[in-house]
Amino acid sequence: MIRVRMIDHLVLRTDQPKAMIRFYSEVLGCTVERSLPAETGLIQLRAGQSLIDLVSVNSKLGRSGGPAPSPEGNNMDHFCLQIESLSEEEIHDWLGSKGIEAGTFEVRYGAEGFGRSLYIKDPDGNTVELRCVMAEPHSGP
């Protein structure tokens, strides 16, 4: 039986790779791991144990996927990045300092149980959920 262990990578098509790299590196702390713009238009960013691949819609690989993402036709509904625990205020302050509008925190269920999360948008309009795992409730004596 096949059992998924974790998200390995996801691929986002874009017509603004510089803005996307800036967002994922400066706002979310990802690092560029590999860049093959001439061959495939692919830039791979390290996101914890996973990768976020950016593909230029003007590259050979990107053209095979159709038009560029837009508010009316994004690549996906959303994806979720689990982040290290910070206070909600610290997260809002950080995002605000980067000019990112953030939704409100809500409790949602994810791969490691319930956690508080909020939604933001990347430069192409893709919805990114940022999620902190909640501590297990303490059952005192």
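Which residues lie nearest the centre of the largest pocket?

**Figure 1. The fold at a glance: three helices and eight strands.** This is a predicted model, in which local features need pLDDT of at least 70, side-chain atom pairs count only at pLDDT 80 or more, and totals for chains, interfaces and linings use all residues. Residues are numbered from 1 along each chain as its sequence is written, and side-chain values use heavy atoms, with hydrogens and water left out. The chain has 141 residues, and buried ones make up 35% of them. Here buried means under 20% relative accessible area, exposed over 50% and partly exposed in between (1.4 Å probe, protein chains only). Among contacts between residues at least 6 apart in sequence, 48% join residues at least 24 apart, a contact being heavy atoms within 4.5 Å.

**Figure 2. The largest pocket and its lining of 35 residues.** To settle the opening question, Ala-47, Cys-80, Leu-81, Gln-82 and Ile-83 lie nearest the centre of this pocket. Elements giving two or more residues to the lining are β1 (9-14), β3 (42-47), β4 (50-56), β5 (78-82), α3 (88-97), β6 (106-110) and β8 (127-133). The space inside comes to about 1,100 Å³. A pocket is an open set of points on a 1 Å grid over the protein atoms alone, where a 1.4 Å probe fits, with protein on both sides within 12 Å along at least five of seven lines; lining residues have an atom within 4 Å of a point. Grid points are joined across faces, edges and corners, and the volume is the space filled by probe spheres set on the points. Sorted by class, the lining has 20 nonpolar, seven polar and eight charged residues (nonpolar: Ala, Val, Leu, Ile, Met, Phe, Trp, Tyr, Cys and Pro; charged: Asp, Glu, Lys and Arg; polar: the others, Gly among them).

**Figure 3. A ring cluster of Phe-23, Tyr-24 and Phe-79.** Two aromatic pairs turn up in a search of the whole structure. Tyr-24 and Phe-79 are stacked, at 6.4 Å and 25°. This second pair bridges distant parts of the chain, from helix α1 (residues 17-27) to strand β5, 55 residues apart. Rings of Phe, Tyr and Trp (its six-membered ring) pair if their centres lie within 6.5 Å; planes under 30 degrees apart count as stacked, over 60 as edge-to-face and the rest as tilted. Phe-23 is buried, Tyr-24 has a relative accessible area of 0%, and Phe-79 is buried at 6%.

**Figure 4. The largest nonpolar core, with 23 residues.** Leu-12, Tyr-24, Ile-52, Phe-79, Leu-95 and Ile-120 have the most contacts inside this core. Helix α1 contributes the most, with four residues. Such a core is a set of buried Ala, Val, Leu, Ile, Met, Phe, Trp, Tyr and Cys residues joined through side-chain atoms within 4.5 Å. Leaving aside residues up to four places away in sequence, Phe-79 touches Leu-10, Leu-12, Tyr-24, Ile-52, Thr-127, Val-128 and Glu-129.

**Figure 5. Leu-61 in helix α2 (residues 60-63).** Leu-61 counts as partly exposed, because its relative accessibility is 42%. Thr-40 and Val-55 touch Leu-61, not counting residues up to four places away in sequence.
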